[in-house]
Amino acid sequence: MKLQITQWWMQDVSPGTELPEPVFQPGDGSVPARWTPVELPANLIHLLVQQGRLPDPYVDANTEAARWTEERDWWFAADVARPEGVAPWQRLILRFQGVEPGTRVWLNGRLLGEHPSALRPAEWDVTDHLQPGRNRLVVRIPALGELPAKARTLWAPYDQRRVLRREPQMRYGWDWGPRLVMAGIWRPVELVARGAVHLDGGVAVRTVQIRPDAASLELVAQVAGPVTPGTRLRVRLDGQERVLPVHAGIARGMVEVAHPRLWWTHDLGRPELYTLEAVLESPEGHELDRYTTRFGIRQVHLVQAPDGEGGLSFRLFLNGVPLFARGANWIPAESMLGAAPPERYRRLLTLAREGNMNMIRVWGGGMYEDPVFYETCDELGLLVWQDFIFACAEYPDDDPAFVREVEAEAAWAVKRLRNHPSIALWCGNNENDWIASQNTWEEPGRAFPGYRIYHQVLPAVCAALDPTRPYWPSSPYGGDDPNADEMGNKHNWQVWHGGVYPRRSHEPPRHDPSPEGVNFRRYQEDWGRFVTEFGIHGSPRLSLLRRYVTGPLTYNGEAFLNRIKDPNGNVKIEQLFAYHTGQPRDIEAYEELSTLVQAEGMRVACEHYRAREPLCSGALVWQLNDCWPGISWSLIDYGLHPKPAYYAVRRAFEPRAVFLAPAGTLSPFDPPAPPGTYELVGVNSLPRAWKGRIEVGRMDFTGRVLARRELEVELAPSQATRLGPAGLGEEGLTPAQRRSQLLYVRVLGGEEGGRSPGWATRLWDPGAVPARPPVGGVWLLAEEKELVLPDPELTVERREDGLRLRARHFAHFVRLTSDRDDLRFADNGFDLLPGEERFITVTSEAPWELEEVQVKVRR
């Protein structure tokens, strides 16, 4: 039911200022004095920009100009009409989907209540308060206020006040985004008509068993209110109708779906969806409540079992098929919460799917995302690792009121999201267990503020409301040190931040921020089982940054540094430059070198983790997206243009690939290998084997083939296969030869093989996935700063819908750029072997000319 509001008004006052009584009473529809008309929902900062009271916070250093908004009380008022056609047995529920913590709401001068959270809706029964004709709705959002004494005792970066306030934690600034705290009424306000007896959280649809001929589903609904005998739940699903009686406030029953169409990730099959319609009826047949949901028939299991390296696996299985989770971390799509349109969500998630990703992690410092996020993941076949909203801080689990609010929030989130087939796993927090282990290393194992939330409260909520999904206490978590290699999941911040691993819980944390300590070759020393964070900064397009910088944009200048929110982020990447490329001369060189280091670093990491499958079963890059036009770890910039690293990750995440890995980097138990030698590894993350022929070779940059072999290979399903030494004489090369030569792998042909009979893959339909042969690639033998690159003599020609590129000599890190924002390239940041030709599709919103595209090559 739509809330009938013709106009909202807004004003701000000093904290604690009381408004005159007439403001709270129904008026004649005219604008109250000193109030400004606004359209809601909308982000408060965005509204003030529209009104001319704030400059665009994304331009220059204007985020600081918005700090005063935290120091004011914000009032909103509207006249509301009581809807017609409300049945006598129905109640009217006023629901705010998203408001600030501490928000108070009045209706016709009566205080409905105060809501403590921005993370779950505020609801009040207004049936008896809505009058015929006009009604006045008034909302007060309080100023942020002083730092409470309780918060002073709890560790938290950015702002200690955040640990007491249930809200997106990143609003106080993070190391990739600015501080923009106030959001106002940033999600929809609605009026819901339902019976006094109603569904509490809809109907849970749980896949209990899947067989080739049928699936057994359990339907469970909690019913709130004074239930009378004869109350029933009528459900419609897949052409069936069933009536479930309500006993002790619960409606429960089993439904069989014949020949089920399963939900798969897009790389394994089709993400099939079903629709369930449910109507709660009174004994007299009155409709008390109605609920409709889309869901998928699928099962997800987390398996931890002894592995071949003396640890425990951490592997997800989808419908019995083992997965390698290939994906990235998601932060809110906008720093101004609520400002991202649905199209932005769909574009980012579509790019994730096109980037060969099958999992997105919703990071715990953000929020439970908008419905369009989860709906799109369902439709695209993307799994979601869902953190609860706790990140990098201590939280007051000794405060009963705070814990009760956490329970209410978690119950709301689980009920809201549990029918989405994309949700694969609930996770208690981001990094809090790991940080506590480092902060209290002299007292290993000591409980820390928040421990009870992640290890008792949240798992109990999940077990009661969503028992079919795995719950994991923290990210990272597992082993003596929560960031251990041998079990659980891991964050790799040795590269970039300089952390030194492994460590034990009784040892102090160590850091090595030197070039030797942070270079991306260190990824090849990571023996983690499932890596949920790793990343390197890369510049967005300079044209994007210049759009938000009014003055000069120079390397390490004031405007440049304002775009980097990670403390000393410019110094950190200079350590990577020192090791890999040498330092940039100017901002244009910074763009080239940072995107090159990011792309090659992500390639090295992703290939390494995948080459260890199934010992490693997941790699989630930090991070997929940006929330403002800054310089960060994102693969896709704020303007929705993929960086070269996105394409590097896409290539490394191909379901099947053949890699060359430095010998001795695939297991800590490998014997020492001669320096400079490589090993062939085939990865196959699909449940069907592949047999074929590959060519592996060594050539110089002019195209002269110096060594070459052809091999018959077989890639076993759902694992990496070690194919033996490269055998190209690479171990005996001189430094001068290594600077001017490369190794390559080509796939010459092959075909799909059989499936392993030991898996429950009878449920998997191989016909739902097009045959995908492995991909090869190019591997350089020296660091970028040492290479002696020739003029590639690159030719570029316009074709109907793209560009044809051909290189006479080796062309390294070919980048296509344009000042036109609408031009999109199907590939970027790639290498061309001597004599190789490639066609790159170009899409645009309007006709384009060859002169509008710049083709840049590493020299």
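User: Why is helix 13 (residues 644-652) described as largely enclosed by the rest of the structure?
Analyst: Let's start with two terms. Buried means under 20% relative accessible area, exposed means over 50%, and partly exposed lies in between (1.4 Å probe, protein chains only). Helices (H or I, at least four residues) and strands (E, at least two) are DSSP runs, numbered from the N terminus. Helix 13 is largely enclosed because the number of its nine residues that are buried is eight.

User: What kind of model is this?
Analyst: Residues are numbered from 1 along each chain as its sequence is written, and side-chain values use heavy atoms, with hydrogens and water left out. Local features need pLDDT of at least 70, side-chain atom pairs count only at pLDDT 80 or more, and totals for chains, interfaces and linings use all residues, since this model is predicted.

User: Which helices do the buried residues of helix 13 pack against?
Analyst: The buried residues include Tyr646, Tyr647 and Arg650. Contact means heavy atoms within 4.5 Å. Among the packing partners are strand 30 (656-662) and strand 39 (811-817), and the helices are helix 3 (342-354) and helix 12 (587-610).

User: Which residues touch the most other members of the largest nonpolar core?
Analyst: A nonpolar core is a set of buried Ala, Val, Leu, Ile, Met, Phe, Trp, Tyr and Cys residues joined through side-chain atoms within 4.5 Å. The largest one has 157 residues, and those touching the most other members are Trp8 and Phe96.

User: Which helix gives the most to this core?
Analyst: The core in question is the largest nonpolar one, with 157 residues. Eleven of its residues come from the helix that gives the most, helix 12.

User: Which residue takes a positive phi just after helix 4?
Analyst: Helix 4 (residues 371-380) is mostly covered, with seven of its ten residues buried. Phe373, Asp378 and Leu380 are among those buried. Just after the helix, a positive phi of about 75° is taken by Gly381.

User: What is the strand order in the open sheet of three strands?
Analyst: Two strands pair if DSSP finds at least two bridges between them. Strand 41 (830-832) and strand 43 (854-856) are the edges, each pairing on one side only. With antiparallel pairing, the order is 41-39-43.

User: What angle does helix 12 make with strand 39?
Analyst: Axes are lines fitted to C-alpha atoms, for helices over the stretch in contact, and angles run from 0 to 180 degrees between N-to-C directions. Helix 12 packs on the sheet and touches strand 39 and strand 43. Its direction makes with that of strand 39 an angle of about 115°.
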